[in-house]
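Subject: Structure handover

Hello,

Here is the structure I promised you. Please open it first, then read my notes alongside it.

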Amino acid sequence: MGTLLRGGVVLPMAPERRRRLLQPGSVLFDGVEIVAVGTVEELDADPRAAGPDVEVIDATGFAVLPGLHNCHLHSGLLRGTAEGLALFDWLQTYVDPAHRALTPEIAEAASWLCYAEALRSGTTSVMDMWRFLDGSARVAGELGIRATLVPYVADETGYDYFESIDSTRALLAKHRESYDGRVRSWVGLEHLFYCTERAFADASALAAEYDTGLHVHSSESRWEVEESLRRYGHRPLAEIARRGALDGGRAVVAHCVWLDDAEIDLLAATGTRVAHCPASNMKLASGPAPVPKLWAAGVTVGIGSDGEKENNNLDILEEAKIASLLQKLVGLDPTAGDPWDILAMATIEGARCLGLGELTGSLEPGKRADVIMVDLRKLHTTPLLSGADANVAAHLVFSSSGQDVDSVWAAGRRLLAGGRLLTADEAAIRSRAQAAAEELFARRAALT
Ligand SMILES: [Zn+2]
């Protein structure tokens with residue numbers, strides 16, 4: 001059963017032709033893979049698009065682009081209740097106690113909520129650092145989203161309630177790849193201050209054994225850099241490198257706000273990728289990540305929402321706008337944060353960040369059909385112009401939001417149509433999350 005998206009404004013986002021625009025254009029996919037991308041005339045003349053089993057969807061008035069990648073997310077239920085503190089006070093006051101109170105059932109309800117929200121706003125691939133991830137694997141499997149699951153491992157004194165290397169091994173045994181490769185698991189470490197040298201060594205060895213990526217937070221706040229220098233005599237990334245976690249080019253580091261030039265060189269030299277989370281960095285008053293410098297050094301940067309508690313939504317189109325505006329403001333440079341570069345960060349560069357660049361992230365024949373349609377027939381996306389005046393990239397970054405996402409396919413399966421989830425009941429997800437959150441807050445309040 002094939003699908004032809006006909007007559008949309010197509011942004012293929014192929015790495016070597018990032019700014020290519022087909023206006024109007026068409027995309028044909030069959031089964032799980034993209035078969036052809038071209039002008040309307042080209043695909044109308046393609047016999048593969050003319051079969052009786054090809055469903056034709058009129059994409060006139062819609063942007064057609066690769067599904068978005070959220071390269072750093074935490075499932076959670078604390079939205080709107082963890083406000084007004086800086087990073088490490090915020091972690092100790094709100095986040096760590098919620099981890100102590102978490103149960104597998106509550107964790108799964110959180111993943112239902114967060115993955116559904118992500119999918120509803122055009123994200124086809126999430127990297128979720130979370131706990132009790134067996135349930136999250138089930139959620140991603142049923143919902144149809146692509147997910148990279150990363151256990152929060154911590155073993156420093158006082159953090160024994162987090163995941164462990166043993167629980168990571170158990171997850172890898174089951175979900176190194178599952179659901180036709182759509183669900184994967186990686187190795188994860190919460191943070192330098194949460195993990196011993198032993199945990200770093202074991203995590204690196206486990207990632208090598210299973211040939212997976214390794215995800216960790218670092219260099220998010222200025223205090224953290226000072227504290228790292230005090231504790232270890234090294235800045236955070238140098239210490240993480242010393243502990244072996246950047247070996248083998250496996251690592252994706254979330255945040256990377258406070259970096260010196262040597263650390264940027266270290267990221268580039270080790271093939272380490274960065275998950276940039278601008279809304280979280282602004283909301284926790286952490287600071288602005290030096291994204292233009294990372295790009296100039298050749299570091300792959302994906303975009304992440306971070307958790308629902310520090311954003312407070314998982315809307316990657318909104319995050320794209322924030323990413324662009326932050327670059328302009330910090331550099332006092334109106335040419336920074338170009339919409340095409342930002343869209344690349346949300347699509348193909350995000351896929352590369354997660355090690356999925358050969359599989360998804362752009363609309364090219366042979367890649368998985370991870371495709372979204374964004375409705376441009378809105379007051380806030382009018383006028384829509386073409387040719388020398390083409391403005392769709394600017395519309396998507398600065399005017400559109402996840403609420404404008406009409407349709408989503410992942411691996412060729414339609415998961416959203418007319419803004420409605422096809423693989424899950426939104427009302428049931430909400431009521432389950434509501435009950436789970438109430439239980440979580442009651443359990444947290446009862447902690448001594
Ligand atoms: Zn995070």
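Start with strands S2 and S3 (residues 33–39). Six bridges join S2 to S3, and the two run antiparallel. In this pairing, Phe29 has Ile34 of S3 as its bridge partner. S2 and S3 form a hairpin, with two residues between them. Look at Gly31 in the turn: its phi is positive, about 60 degrees. Bear in mind throughout that this is a predicted model.

S2 (residues 22–30) also pairs with strand S1 (residues 2–10). Seven bridges hold that pairing, and it is antiparallel too. Find Leu5, then its bridge partner in S2, Val27. Strands of a sheet pair through backbone hydrogen bonds, either parallel or antiparallel.

Next, a sheet with mixed pairing. Five strands form it, in the order S6-S7-S8-S10-S9, and it is open. Which strands stand at the edges? They are S6 (68–73) and S9 (177–178). Each has a single partner strand, so one side of each has no neighbour in the sheet.

Within this sheet, S8 (residues 146–151) and S10 (residues 183–185) run parallel. Three bridges join them. Thr148 stands opposite Arg184 in S10. Helix H4 (residues 133–143) packs on the sheet. H4 touches S7 (123–130), S8, S9 and S10. The direction of H4 makes about 175 degrees with that of S8.

Now a pair of helices. Two packed helices are described by the angle between their axes and the distance between the axes. Helix H13 (residues 339–346) packs against helix H15 (residues 392–399) at about 65 degrees, with the axes 9 Å apart. That angle makes H13 roughly perpendicular to H15. Their crossing is left-handed. Which residues make the contact? From H13 come Pro339, Trp340, Ile342 and Leu343. From H15 come Ala393, Ala394, Leu396 and Val397. By class, the contact has eight nonpolar residues, no polar and no charged ones.

Last, the whole protein. It has 16 helices and 19 strands. Its radius of gyration is 21 Å, close to the 22 Å that the globule rule gives for 448 residues, so the protein is as compact as a globular protein of that length. The C-alpha trace spans about 65 × 45 × 40 Å along its principal axes.

Best wishes

Key: Residues are numbered from 1 along each chain as its sequence is written. This is a predicted model: local features need pLDDT of at least 70, side-chain atom pairs count only at pLDDT 80 or more; totals for chains, interfaces and linings use all residues. Axes are lines fitted to C-alpha atoms, for helices over the stretch in contact, and angles run from 0 to 180 degrees between N-to-C directions. Helices (H or I, at least four residues) and strands (E, at least two) are DSSP runs, numbered from the N terminus. Angles under 35 degrees count as roughly parallel, over 145 as roughly antiparallel, 65 to 115 as roughly perpendicular and the rest as oblique. A crossing is left-handed if the near helix is turned anticlockwise from the far one by less than a right angle, and right-handed if clockwise. Two residues are in contact if their C-beta atoms, placed from the backbone, lie within 7 Å. Ala, Val, Leu, Ile, Met, Phe, Trp, Tyr, Cys and Pro count as nonpolar, Asp, Glu, Lys and Arg as charged, and the others, Gly among them, as polar. Two strands pair if DSSP finds at least two bridges between them. The radius of gyration is taken over C-alpha atoms; the globule rule is 2.2 Å times the number of residues to the power 0.38.
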